[in-house]
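I opened the model and kept notes on what I looked up. The entries are in the order in which I made them.

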Amino acid sequence: MALVMLAATAAAAEEIVTPSGMAVSWLETVHGAPGPEGLTARFRFLAPAIAGEVDFETAAEDMHWLCETFALPRLSVLGPQPSQVVISLADREIPFGQTDPAAVQYFEAYRPEGDACEWEMF
């Protein structure tokens with residue numbers, strides 16, 4: 001299966017303000033890289049505030065919101081529907097699949113269920 005990455009263009013990289021007030025920017029969507037639950041769509045966001053201003057609990061609520069309001073409406077254009085959606089926040093841009101020990105990153109996984117995202121434990 002081919003790995004498809006959709007990167008943000010200047011227009012798509014506009015700031016998104018989450019319910020907590022945190023500003024994030026969409027970096028890319030990675031679709032086609034299998035996850036533990038099968039086909040997975042990964043929506044990656046830049047969120048500088050998680051490096052100190054926003055705690056994990058707040059970020060987790062915002063990731064759930066991003067899943068339902070940003071990711072779910074975009075799944076239909078990706079092709080085969082994923083069994084899992086992963087929302088990730090990083091305080092800096094890190095290429096997909098690479099690590100940066102100095103970076104703060106949060107990840108949450110969800111199962112798409114109609115117009116809702118059901119949280120799944122990693």
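**Ground rules**

I am working with a predicted model, in which local features need pLDDT of at least 70 and side-chain atom pairs count only at pLDDT 80 or more, while totals for chains, interfaces and linings use all residues. I number residues from 1 along each chain as its sequence is written, and side-chain values use heavy atoms, with hydrogens and water left out. I take helices (H or I, at least four residues) and strands (E, at least two) as DSSP runs, numbered from the N terminus.

For burial I use under 20% relative accessible area as buried, over 50% as exposed and in between as partly exposed (1.4 Å probe, protein chains only). The largest core has 27 residues, and Phe-43, Phe-45, Ile-87 and Leu-89 touch the most other members. At least two residues of this core come from each of strand 3 (23-31), strand 4, helix 1, strand 5 (84-90) and strand 6 (105-113). Helix 1 gives the largest share, eight residues.

I then asked what Phe-43 touches, not counting residues up to four places away in sequence. With contact meaning heavy atoms within 4.5 Å, the partners of Phe-43 include Trp-26, Glu-28, Phe-70, Arg-74, Val-85 and Ile-87. Phe-43 is buried, with a relative accessible area of 1%.

**Rings**

I counted rings of Phe, Tyr and Trp (its six-membered ring) as paired if their centres lie within 6.5 Å; planes under 30 degrees apart are stacked, over 60 edge-to-face and the rest tilted. By this rule I have four aromatic pairs. Phe-43 and Phe-70 form an edge-to-face pair, with ring centres 6.1 Å apart and planes at 85 degrees. Phe-43 is in strand 4 and Phe-70 in helix 1, so this pair ties together parts 27 residues apart in sequence. Phe-70 counts as buried at 10% relative accessibility.

Phe-56 and Tyr-106 are also edge-to-face, with centres 5.1 Å apart and planes at 80 degrees. Phe-56 belongs to helix 1 and Tyr-106 to strand 6, and the pair links these distant parts of the chain, 50 residues apart. I note Phe-56 as partly exposed at 31% relative accessibility, and Tyr-106 as buried with a relative accessible area of 16%.

Which residues do ring pairs link into a cluster? I wrote down Trp-26, Phe-43, Phe-45 and Phe-70. I also checked for a charge over a ring (NZ of Lys or CZ of Arg within 6 Å of the ring centre and within 35 degrees of the ring normal). Arg-74 lies over the face of Phe-70, at 3.7 Å from the ring centre.

**Charged pairs**

I called a salt bridge where a side-chain nitrogen of Lys or Arg is within 4 Å of a carboxyl oxygen of Asp or Glu. The count comes to four salt bridges. Glu-28 and Arg-44 meet in one, at 2.3 Å, N to O. Glu-28 is in strand 3 and Arg-44 in strand 4, so this pair ties together parts 16 residues apart in sequence. Glu-28 counts as buried at 10% relative accessibility, and Arg-44 counts as buried at 10%.

Asp-91 and Arg-92 meet in a salt bridge at 3.0 Å, N to O. Asp-91 is buried at 12% relative accessibility, whereas Arg-92 is partly exposed at 31%.

Arg-111 forms a salt bridge with Glu-113, with the closest N and O atoms 2.7 Å apart. Salt bridges that share partners join Arg-111, Glu-113 and Glu-120 into one network. Arg-111 is partly exposed, with a relative accessible area of 33%, and Glu-113 is partly exposed at 40%.

**Two single residues**

I found Asp-62 in helix 1. Asp-62 touches Thr-18, Pro-19, Ser-20 and Met-22, leaving out residues up to four places away in sequence.

Last, I looked up Gly-52, in the loop between strand 4 (40-46) and helix 1 (56-74). Gly-52 counts as exposed at 66% relative accessibility. The C-alpha atoms of Gly-52 and Asp-91 are separated by 9.4 Å, with the two residues 39 apart along the chain.

Technical notes: Core = buried A, V, L, I, M, F, W, Y, C linked by side-chain atoms within 4.5 Å.
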